[in-house]
Amino acid sequence: MSQEPILTIRGLHKSFGDNHVLRGIDLDVQQGDCIAILGASGSGKSTFLRCLNFMEIPSDGAITHAGKTIGTERPGKPRVYSEDELTKVRQKVGMVFQQFNLFPHKTVLGNITEGLRIVQGKDKASSDARAREELARVGLAEKADEYPSRLSGGQKQRVAIARALALAPELMLFDEPTSALDPELVGEVLNVIRGIADEGRTMLLVTHEIGFAYHVANRVIFMADGIIQEEGPPEQVLKNPQNPLTQAFLARHKQFEF
Amino acid sequence: MEYTWDFGSVWEYREALWVGLTNTLRIFVICLFAGLSLGLAMGLARYSVRRWLRWPAACFIEFFRNTPVLVQIFWFYFAFPILAPFEISALMAAALGITLNSAAFSAEIFRGGIQTIDPGQWEAGRAIGMRYREIMARIILPQAVRRMMPALTNRGIEIFKMTTLASAIAYADVLHQARLIASVNFNPIEAYTVVAIAFFVILYPIVRATYALERRLAKGD
Ligand SMILES: Nc1ncnc2c1ncn2[C@@H]1O[C@H](COP(=O)(O)OP(=O)(O)O)[C@@H](O)[C@H]1O
Ligand SMILES: [Mg+2]
């Protein structure tokens, strides 16, 4: 693929005090990519995703999104971003969390319309219509007026996905979207994510579901020690890994089935 | 001990008491709204990311928490006019003292309530592009206020009872009126009993109502 990447990451570093978590990440994301990110707990996967929508401010490096570079202007000196810049980026980058983080005091519909109305300034009628569209896509049209406390974990996560999709993001970030779910609920959420990937939406997905990564992702990244150790098509990274760290990681996850 | 109760002598002055009661309610409503609003502002400022907001808020809270309200009221009523080129009414002086004190205490309630909300709620709001102010007003505070209801109810009760301090600078509240009646009729027992009952009769239903509200809000969780 030779087209312009929609997201370019160069020399991304992030430290928390003395803890140097990301140590120089380079990545180009093409339109329509579904990139699965694997790695042991604590390897910096969440931190990496959170840098991409500026929930964490990178310590160094540059992130170019849709032709606009947002990154440090002086090397080694994190820049201070205005709330305007951050909210603009975050509208274009949807994020789904392990713990769902639905708004418990709002109905399912209210959760989804919140961003449409407050952030995008749409009126009530068109926000509701848009929200119902997304709810139908995740198969929860009939739950519009329920409160999140009445939903199962799988349903909550599907609502969270609809909430992010409603804003029509150019890029979706999933941070272990099924890790907090009971095993029997994992499938329904993965099916929804697969549907979104099949539509060609660009996404980065941190997951421990290696079988899912194999079937759905077009690229797989293995992270360790704050850098990308290995990157390539799932066939190569998952079946024929070159890096000894990837080999060791996959050996520990041998129970997955392709 | 033999004592013949004589509430008739209080009843005769019911209009004076009524005036006192409306004055009590007036200062209460002012102090409740001003005190809680300023308390919210101070609670937010106290834990703001901006140091120039945190520091003055901390001073405000500690100063007004640790000085007696009555002294503050006296200060505004008797000392302030000497420094400033204008008079200040008894209502204003008393309302100021009670408001500032209530703000200092409720700032801590708001701060505590806000901090109990899962940081994931902030993240979810930020991830869809909401601003700090919008997340605070629409996501965090509505959830925090539910949890703060018992503490805020207590604060409201406290403010209502604190209004009687205004009588110390001759604000014509219900206690001040009762004292006048008692001194004319020599019936302090009846006069003050009526005041105590009036406070209870007003406060108790309000407290019951807030319990009901708490239960209703809890259902959403
Ligand atoms: N907000 C934070 N403050 C301090 N340290 C953090 C913060 N977030 C993550 N870390 C640290 O960064 C490292 C990587 O964490 P994380 O990105 O969550 O890894 P992963 O998602 O791969 O499990 C951990 O050592 C963690 O303690
Ligand atoms: Mg993580």
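**Close-up views of a predicted two-chain model with a ligand**

**View 1. The annotated domain of chain B.** Residues 21-207 of chain B are 82% helix and 0% strand, and the end C-alpha atoms of this span lie 19 Å apart. Helices here are DSSP runs of H or I with at least four residues, strands are E runs with at least two, and both are numbered from the N terminus. UniProt, in an unreviewed entry, gives this stretch the annotation "domain: ABC transmembrane type-1". UniProt positions follow the numbering used here, feature names are shortened, and annotations may be inferred rather than shown by experiment. This is a predicted model, in which local features need pLDDT of at least 70 and side-chain atom pairs count only at pLDDT 80 or more, while totals for chains, interfaces and linings use all residues. Residues are numbered from 1 along each chain as its sequence is written, chains are lettered from A and ligands numbered from 1 in the order in which they are written, and side-chain values use heavy atoms, with hydrogens and water left out.

View 2. The unreviewed UniProt entry lists residues 25-45, 74-98 and 189-207 of chain B as "transmembrane region". Have a look at two of them. Residues 189-207 of chain B are 100% helix and 0% strand, with end C-alpha atoms 27 Å apart. Residues 74-98 of chain B are 76% helix and 0% strand, with end C-alpha atoms 11 Å apart.

**View 3. Where chain A meets chain B.** Here 25 residues of chain A are in contact (heavy atoms within 4.5 Å) with 21 residues of chain B. The two chains bury about 2000 Å² between them, 54% of it on carbon and sulfur atoms; this is the accessible area (1.4 Å probe) lost on putting the two parts together, summed over both. Four salt bridges (a side-chain nitrogen of Lys or Arg within 4 Å of a carboxyl oxygen of Asp or Glu) link chain A and chain B. One of them joins R138(B) to E114(A), with the closest N and O atoms 2.5 Å apart. On the side of chain A that touches chain B, α2 (83-92), β6 (93-96) and α3 (108-119) each supply at least two residues. The element giving the most is α2(A), with five residues.

**View 4. Around ligand 1.** A backbone N or O atom of G42(A) lies 2.6 Å from a ligand 1 oxygen. For K45(A), a polar backbone atom is 2.9 Å from an oxygen atom of ligand 1, and for S43(A) the distance is 3.2 Å.

Terms used. A polar contact is a pair of N or O atoms within 3.5 Å; within protein, one must be able to donate a hydrogen and the other to accept it, and residues adjacent in sequence count only if both atoms are side-chain atoms.
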